[in-house]
Amino acid sequence: MSVSVPGFETFQELLQADPYFGPVMADLDSTKNREFFLVDSFLFRGNQLCVPEGSLRLHIIKELHGEGHVGRDRTLQLVRDSYFWPTIRREVDRFVERCHVCQVAKGKATNAGLYMPLPIPSQPWTELSMDFVLGLPRTQRGFDSIFVVVDKFSKMVHFIPCKKTTDAVNVA
Ligand SMILES: [Zn+2]
């Protein structure tokens with residue numbers, strides 16, 4: 001796993017202040033801990049990035065659900081593929097239940113086709129999942145977002161700090 005994360009000390013502070021992840025952070029070296037590990041200032045549970053309490057959780061759900069407006073279970077699966085926090089199911093349920101686009105789609109059967117899930121990909125490049133994660137506190141260098149690139153084939157996770165105004169073409 002390779003991680004490159006300049007300028008994100010505050011993420012670790014959010015984890016330490018979190019009611020669930022705080023004790024986990026304090027207990028990382030314990031022999032009881034077989035799940036969690038720290039890479040730079042990011043906490044992982046296996047391949048999942050641990051997300052502390054805050055607007056970041058909602059942003060993640062919104063980004064992943066908004067791609068195809070898939071149902072509750074599929075949205076939960078998408079979020080769990082890359083992220084972890086203790087109340088993940090409750091927050092995904094609540095978000096999908098209240099999603100305006102989904103409510104409209106349910107009410108009008110003729111529009112249902114617009115919200116079909118994306119076809120299952122078969123090409124190698126689709127093993128790369130790219131998610132924009134927004135809403136981090138501003139760092140000294142002015143970064144307020146992380147561009148997360150997960151290569152599921154090689155199990156590599158890359159974090160690229162950027163600004164909300166960054167165009168996708170300029171990230172590389
Ligand atoms: Zn929706």
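Colleague: Which residues in H4 meet which ones in H5?

Modeller: Keep in mind that this is a predicted model. From H4 you have Arg-72, Thr-75, Leu-76, Val-79 and Arg-80, and they meet Ile-88, Arg-89, Val-92, Asp-93 and Val-96 in H5.

Colleague: And at what angle do H4 and H5 pack?

Modeller: About 135°, with the axes 9 Å apart. H4 covers residues 72-82 and H5 covers residues 88-98.

Colleague: What do you call that, then, and what's the handedness of the crossing?

Modeller: Angles over 145 degrees count as roughly antiparallel and 65 to 115 as roughly perpendicular, so H4 and H5 are oblique to each other. H4 passes H5 in a right-handed crossing.

Colleague: OK, switching to H3. How does H3 pack on H4?

Modeller: At an angle of about 120°, with their axes 9 Å apart. H3 and H4 are therefore oblique to each other, and H3 passes H4 in a right-handed crossing. On the H3 side the contact is made by Ile-60, Ile-61, Leu-64 and His-65, and on the H4 side by Thr-75, Leu-78 and Val-79.

Colleague: Which residues of H3 are buried?

Modeller: Leu-56, Arg-57, Ile-60, Ile-61, Leu-64 and His-65. Looking down the H3 axis, the buried residues sit within an arc of 155°, so they line one face of the helix.

Colleague: Why would a spacing like that put them on one side?

Modeller: An α-helix has 3.6 residues a turn, so residues three or four places apart point the same way.

Colleague: What's exposed on the other side of H3?

Modeller: Ser-55 and Gly-66.

How values were computed
Residues are numbered from 1 along each chain as its sequence is written. This is a predicted model: local features need pLDDT of at least 70, side-chain atom pairs count only at pLDDT 80 or more; totals for chains, interfaces and linings use all residues. A residue is buried if 20 or more other C-beta atoms lie within 10 Å of its own, exposed if 12 or fewer, and partly exposed in between; C-beta atoms are placed from the backbone. Helices (H or I, at least four residues) and strands (E, at least two) are DSSP runs, numbered from the N terminus. The arc is that of the directions from the helix axis to the C-beta atoms. Axes are lines fitted to C-alpha atoms, for helices over the stretch in contact, and angles run from 0 to 180 degrees between N-to-C directions. Angles under 35 degrees count as roughly parallel, over 145 as roughly antiparallel, 65 to 115 as roughly perpendicular and the rest as oblique. A crossing is left-handed if the near helix is turned anticlockwise from the far one by less than a right angle, and right-handed if clockwise. Two residues are in contact if their C-beta atoms, placed from the backbone, lie within 7 Å.
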